[in-house]
Amino acid sequence: MGRMSESVPVRCPACRREHVYAAPSYPCVCGAPVAPPLDRRGAATVVNHRVWDEDWIAVRCAACGRLDEWPYPELGCPCGILLRIPVAGEQQPAEPTSQPAARTTRTDTDVRGRPAFQPVTIRTARDAVTAAALYLRWLGYRDIRRADQRPPSGIGLAARGILAQVDPTVRPASLRDVECLWLTAMTESTGCVYFSLAGYADDARTRADELRVPLFVLDLTGTPQPVNELADELDATGC
C-alpha cells in the first residue's frame, strides 16, 4: 500500500483560526498513492513570496521505494493568508538509483501498461502548473523544474528533452505565444509542448501544426486534453 494522507490540526498565525487539513495524495509511477507525511507538532508558516524550489518536496513511495518531488502541502485560510503546512522527516531530492522494482497496485492501465493518469483539480494558477508537471511525469519525463527562461506569458517548465509552457490565464493562447515557445525550444535544441486553460486562437493552432508543437487544454479536473494530432501522439506514446 502507498502512503495515505492523514488529517492534522492547523492554526493560522494571522487570524488564529483553527483548521483540519489532510494533504492530497498523488499517484506514483507504480500506481500507488503518495502523500507527504505531515508534522503534527509543527506550526504552519505564511507564504509571502513564491520560490520554485520551496514549492516542492521529495517524498518516498512506501509501495515501491521511489523518491520523487511533489507539491508542498499548502492551505488557503479564509482570512486571505496562504499557509505552508509543516512536513515530518523532509528528505532531500535524489536521483533514484538502486531502488526496488516498481509493482503496480492499480488495475486501471492504458495500452502501454502505464497506470491511468490521476489529475489534480485546478482551482488556482499553481494547480494548473502542478497538473502539467504531473502529466509530464506520467508521460515519462524526469527532473521536471522551472524553466531557466521565463516565457512572455504563463509559466515555463523544463525536463530532459522537453520545454513546456503552462498558460493559466482566461485568454486563448495566441500565435505569438506558440511561436515564442517554439523559438525558445529551438535555441535549446529540445522539444516543446503547450498547456492552456482557455484554449488557442485559430491561427495559433494552425501555426502549432506547422511547427509540430503539441497543444493541450487543461480542463478543471486537471486532465490535459489533446487539441491537435501531435498532442494525441504524445499522449498515446509518452516521451
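Tutor: Begin with the names: helices and strands are DSSP runs, numbered from the N terminus. This model is predicted.

Student: What is the volume of the second largest pocket, and how do its lining residues divide?

Tutor: The space comes to about 460 Å³. The lining divides into 11 nonpolar, 4 polar and 5 charged residues.

Student: Step back to the whole chain. How many helices and strands does the protein have?

Tutor: There are 4 helices and 15 strands. Of the 239 residues, 45% are buried. Now take the contacts with a separation of 6 or more: 56% of them join residues 24 or more positions apart.

Student: How should I read a sheet?

Tutor: Strands of a sheet pair through backbone hydrogen bonds, either parallel or antiparallel. Here is a case: E5, E9 and E8 form an open sheet in the order E5-E9-E8, with antiparallel pairing. Strand E5 (45–46) and E8 are the edge strands; each has a single partner, so one side of each lacks a neighbour in the sheet.

Student: How many bridges join E8 to E9, and what is the bridge partner of Leu75?

Tutor: E8 and E9 run antiparallel, joined by 3 bridges. Leu75 has Leu83 in E9 as its bridge partner.

Student: In what order do the strands of the 6-strand sheet run?

Tutor: The order is E10-E11-E12-E13-E14-E15, in an open sheet with mixed pairing. Strand E10 (145–146) and strand E15 (224–226) stand at the edges with a single partner strand each, so one side of each has no neighbour in the sheet. Helix H2 (residues 175–187) packs on this sheet, touching strand E12 (162–167), E13 and E14. The direction of H2 makes about 150° with that of E13.

Student: Which pairs in that sheet run parallel, and which antiparallel?

Tutor: Strand E11 (residues 155–159) and E12 run antiparallel over 5 bridges. E12 and E13 run parallel, with 6 bridges. Strand E13 (residues 191–196) and strand E14 (residues 215–218) also run parallel, joined by 3 bridges.

Student: Which residues can I use to check those pairings in the viewer?

Tutor: Ala159 has Ile162 in E12 as its bridge partner. Val166 has Phe195 in E13. Ser196 stands opposite Val217 in E14.

Student: Why is E12 described as largely enclosed?

Tutor: Count its buried residues, using under 20% relative accessible area as the cut-off. In E12, 6 of the 6 residues are buried, so the rest of the structure largely encloses this strand. Ile162, Ala164 and Val166 point one way, while Leu163, Gln165 and Asp167 point the other. Residues on both sides of E12 are buried.

Student: And the turns? Which residue in the hairpin of E11 and E12 takes a positive phi?

Tutor: Gly161 does, near 95°, in a hairpin with 2 residues between the strands. The hairpin of E6 and E7 has 6 residues between its strands, and there Gly65 takes a positive phi near 85°.

Student: How do E6 and E7 pair?

Tutor: In the antiparallel sense, over 5 bridges, with strand E7 covering residues 67–71. Arg60 stands opposite Leu67 in E7. Strand E6 (residues 56–60) is mostly covered, with 4 of its 5 residues buried.

Student: Now single residues. Is Thr130 buried or exposed?

Tutor: Buried, with a relative accessible area of 4%. Thr130 lies in helix H1. Leaving aside residues up to four places away in sequence, Thr130 touches Pro71 and Val120.

Student: Where does Ala116 lie?

Tutor: In the loop between strand E9 (82–84) and H1. Ala116 is buried, at 18% relative accessible area.

Student: How far is Ala116 from Gly31?

Tutor: Their C-alpha atoms are separated by 7.9 Å, with the two residues 85 apart along the chain.

Definitions and conventions:
Residues are numbered from 1 along each chain as its sequence is written. This is a predicted model: local features need pLDDT of at least 70, side-chain atom pairs count only at pLDDT 80 or more; totals for chains, interfaces and linings use all residues. Side-chain values use heavy atoms; hydrogens and water are left out. Buried means under 20% relative accessible area, exposed over 50%, partly exposed in between (1.4 Å probe, protein chains only). Two strands pair if DSSP finds at least two bridges between them. Contact means heavy atoms within 4.5 Å. Axes are lines fitted to C-alpha atoms, for helices over the stretch in contact, and angles run from 0 to 180 degrees between N-to-C directions. On a 1 Å grid over the protein atoms alone, a cavity is a set of points where a 1.4 Å probe fits but cannot get out, and a pocket is an open set with protein on both sides within 12 Å along at least five of seven lines; lining residues have an atom within 4 Å of a point. Grid points are joined across faces, edges and corners, and a volume is the space filled by probe spheres set on the points. Ala, Val, Leu, Ile, Met, Phe, Trp, Tyr, Cys and Pro count as nonpolar, Asp, Glu, Lys and Arg as charged, and the others, Gly among them, as polar.
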